[in-house]
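Visitor: I would like to learn how to read the features of a model like this one, step by step. Could we begin with strands and then go on to helices and pockets?

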Amino acid sequence: MVLLLISLIFSAIPFQSFQTNDISGMVIERKDSYFILFDGIEKFYVNSDDEEIKKFDIVKLKGEITNYNFNVLESDFNFNIYLEEKGIYRQIIASSFKTIWDCPIDFNYYKENLLSKFEDEQVRVFVSSLLFNQRDYDNKLIQKFESLKICNLIAVSGAMITFALYGIKKLFSYFVDEKYASWFALLTLFPYLLFFLGNYTVLRVLIFYILNLINKNYLDNRFERIEIISIAGILSLIIDHNIIFSSSFYIPFIIITILNFCNLFLSRKKNIEKKIYGKVFVLLILFPFTISFYNSFNILSFIIGIIFLPIFKLNFIILLFVFLGYYHSFLESFIKLQLDFFNHIQVDALDVYVPSFNQFFIVLYFIIFLLLIYFLEVSNKKAFKLVSYSLITSIVIYSLPIENYLFNQVSFLNVGQGDCTFIRYFGETYLIDTGGLTYKDLAKDVLINYFKINRIYQIDYVIITHSDFDHNGALSSLIENFKVSKVFTYDNFNNYYDGNLEIKDLNLFREISMDENDKSIVPYFKINNINYLLMGDASTLIEEKIINNYSIDVDILKVGHHGSSTSSSNEFLDFCSPETAIISCGRNNYYGHPSDIVIQRLKSKNIDIRRTDLEGTITYKYFILSV
């Protein structure tokens with residue numbers, strides 16, 4: 001207990017290197033566009049696509065140490081958090097590199113050479129993911145596994161490596177003493193494990209495996225399993241104190257600890273029953289974390305995961321022999337057969353959107369889960385049923401979109417350099433523009449994730465203001481992957497009223513300009529007595545027409561053309577006189593939006609400025625009964 005306390009204190013100490021121009025260290029992780037440098041004290045992110053720099057090279061950098069702040073879109077992968085979980089808090093902006101020691105092993109070359117043996121592209125993608133933990137989320141196969149929520153089955157995980165170690169050990173034990181078989185298994189896998197020497201998952205498995213081996217073969221099982229778990233955790237924290245904040249540290253230890261608590265109950269079951277219960281318990285333990293990752297739940301995905309986990313473990317073992325040089329063309333046909341099967345599975349229709357569990361609900365969930373195990377052990381069926389119903393009822397109530405029917409909402413979504421406004425009014429949903437990015441499927445990666453988090457199952461109306469890609473680029477993917485009832489463009493949109501929300505188009509002057517921006521629909525609507533005006537990309541030419549033809553009150557103005565100087569004239573701002581101006585734009589965008597001139601105009605009129613590039617998604621909610 002004292003050692004654990006010391007380790008926790010040690011993990012909280014913010015070790016940081018001195019701010020110098022010369023930094024030397026080892027490359028402990030290498031990706032296509034960056035690498036992670038460890039200088040003996042701190043780990044740094046370094047942006048570089050220099051192919052000469054390899055994993056385990058020792059390099060000297062000249063540059064500046066700064067904090068990083070990567071752009072994060074609404075509900076998308078957060079690279080900042082990803083780095084923080086790895087214990088990386090700063091970056092080096094390098095002006096030059098010098099290799100001090102060139103690692104003689106080119107891991108990337110070996111990997112590419114192995115993958116080249118597989119002719120089918122999808123098979124190569126599968127092998128790359130399962131064997132080397134590399135996943136291209138733009139690839140259709142990976143997207144398919146994502147939709148099935150079983151991407152974890154094709155990742156280099158602790159379960160896969162543990163299965164491989166004990167499987168190879170079992171094989172060797174037919175020929176040599178079990179003690180030696182354990183070491184032979186470790187030595188056999190050592191060339192493969194070198195690929196992941198900086199990976200905490202592999203480190204944890206190795207520590208736990210070696211501790212178990214020593215405890216069983218040399219200490220006559222002096223330590224209990226829970227003590228081995230504790231020692232492994234302490235050693236892990238000593239080796240890298242930052243991993244305490246990583247999900248790859250605390251989730252496996254939560255699983256192992258809770259399963260240890262369940263051991264008395266599991267020990268009374270027959271072998272097959274024990275395995276089934278064990279798998280179900282693991283899935284239940286992972287449930288809150290799965291929800292946090294996918295924001296949805298699908299019982300068929302759980303069943304598919306249970307059924308195919310043994311198959312993927314078998315694939316992993318076979319591919320390990322391929323890694324060691326034993327390749328046969330039959331393997332490619334075997335994998336392709338599996339992938340063809342998975343491509344025909346459709347389970348999306350059964351997705352139930354569940355919001356991420358907050359910390360209180362996670363703690364409550366595990367307390368109830370442990371109570372369930374206790375009542376199983378003492379065979380108290382009445383208490384077990386009561387607690388089970390309480391847990392299920394709590395999750396159902398938590399998952400119900402009650403808030404969606406109590407509040408109206410207007411959200412200006414953070415979609416980078418583009419426009420996308422979500423409206424929910426008395427249960428109906430509207431999307432004005434979809435945004436669009438050339439390097440990302442904005443519908444899948446951002447919009448649909450946002451809808452899942454907010455338990456939105458369909459969009460009733462999509463209104464595209466005009467045909468610029470940054471306003472409609474995600475439309476086709478959204479229609480293909482989500483339920484959209486009706487789409488309006490400026491060709492078929494007239495003043496809209498469905499008995500609830502009235503949306504007026506103030507731009508009836510499209511014929512005066514050939515510029516696509518000036519054809520923008522200019523939506524004007526009222527939510528809970530708050531007047532909204534969305535200018536699309538309309539220029540000062542359209543603004544002038546609106547001034548001369550309308551008399552309107554505006555509380556919240558989404559300024560035209562992302563804050564460009566072609567819009568938001570002084571006269572128009574005086575005409576609208578909004579309290580708040582919303583600017584939707586991407587951080588450090590190519591166009592320099594918003595213009596300094598526009599910002600100064602807004603400030604001079606004491607208009608509150610809110611920007612999606614600085615704040616992220618901007619949301620206004622109104623209680624329905626306050627209409």
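This is a predicted model: local features need pLDDT of at least 70, side-chain atom pairs count only at pLDDT 80 or more; totals for chains, interfaces and linings use all residues.

Guide: Let us start with a term: two strands pair if DSSP finds at least two bridges between them.

Visitor: Which residue is the bridge partner of L557 in β18?

Guide: The partner of L557 is A581.

Visitor: Which strands form the open sheet, and in what order?

Guide: The open sheet is formed by 7 strands in the order β13-β14-β15-β16-β17-β18-β19, and the pairing is mixed. The strands at its edges, each of which pairs on one side only, are β13 (496-497) and β19 (608-611). Helix α22 (residues 596-604) lies across β18 and β19, and its direction is at about 140° to β19.

Visitor: Which strands close into a barrel?

Guide: Here 5 strands close into a barrel, in the order β1-β2-β3-β5-β4 and with mixed pairing. On average, neighbouring strands of this sheet are turned by 55° against each other, direction ignored.

Visitor: How should I read the packing of two helices?

Guide: Two packed helices are described by the angle between their axes and the distance between the axes. In this model, helix α7 (residues 178-193) packs with helix α13 (residues 299-323) at an angle of about 80°, their axes being 10 Å apart. Angles of 65 to 115 degrees count as roughly perpendicular, and α7 and α13 are therefore roughly perpendicular to each other.

Visitor: Which residues make the contact between α7 and α13?

Guide: From α7 the contact takes L189, P191 and Y192, and from α13 it takes F316, L320 and F323. By class, this contact of α7 with α13 has 6 nonpolar residues, with no polar and no charged ones.

Visitor: Turning to pockets, what lines the second largest pocket?

Guide: The second largest pocket, with a volume of about 450 Å³, is lined by 21 residues, and L284, L372, S388, L391 and I392 are those that lie nearest its centre. The elements that give two or more residues to this lining are α12 (271-294), α15 (359-377) and α16 (381-399), with α16 providing the largest share, 7 residues.

Visitor: How many residues of that lining are nonpolar, polar or charged?

Guide: The lining of the second largest pocket divides into 19 nonpolar and 2 polar residues, with no charged residues.

Definitions and conventions
Residues are numbered from 1 along each chain as its sequence is written. Side-chain values use heavy atoms; hydrogens and water are left out. On a 1 Å grid over the protein atoms alone, a cavity is a set of points where a 1.4 Å probe fits but cannot get out, and a pocket is an open set with protein on both sides within 12 Å along at least five of seven lines; lining residues have an atom within 4 Å of a point. Grid points are joined across faces, edges and corners, and a volume is the space filled by probe spheres set on the points. Helices (H or I, at least four residues) and strands (E, at least two) are DSSP runs, numbered from the N terminus. Ala, Val, Leu, Ile, Met, Phe, Trp, Tyr, Cys and Pro count as nonpolar, Asp, Glu, Lys and Arg as charged, and the others, Gly among them, as polar. Axes are lines fitted to C-alpha atoms, for helices over the stretch in contact, and angles run from 0 to 180 degrees between N-to-C directions. Angles under 35 degrees count as roughly parallel, over 145 as roughly antiparallel, 65 to 115 as roughly perpendicular and the rest as oblique. Contact means heavy atoms within 4.5 Å.
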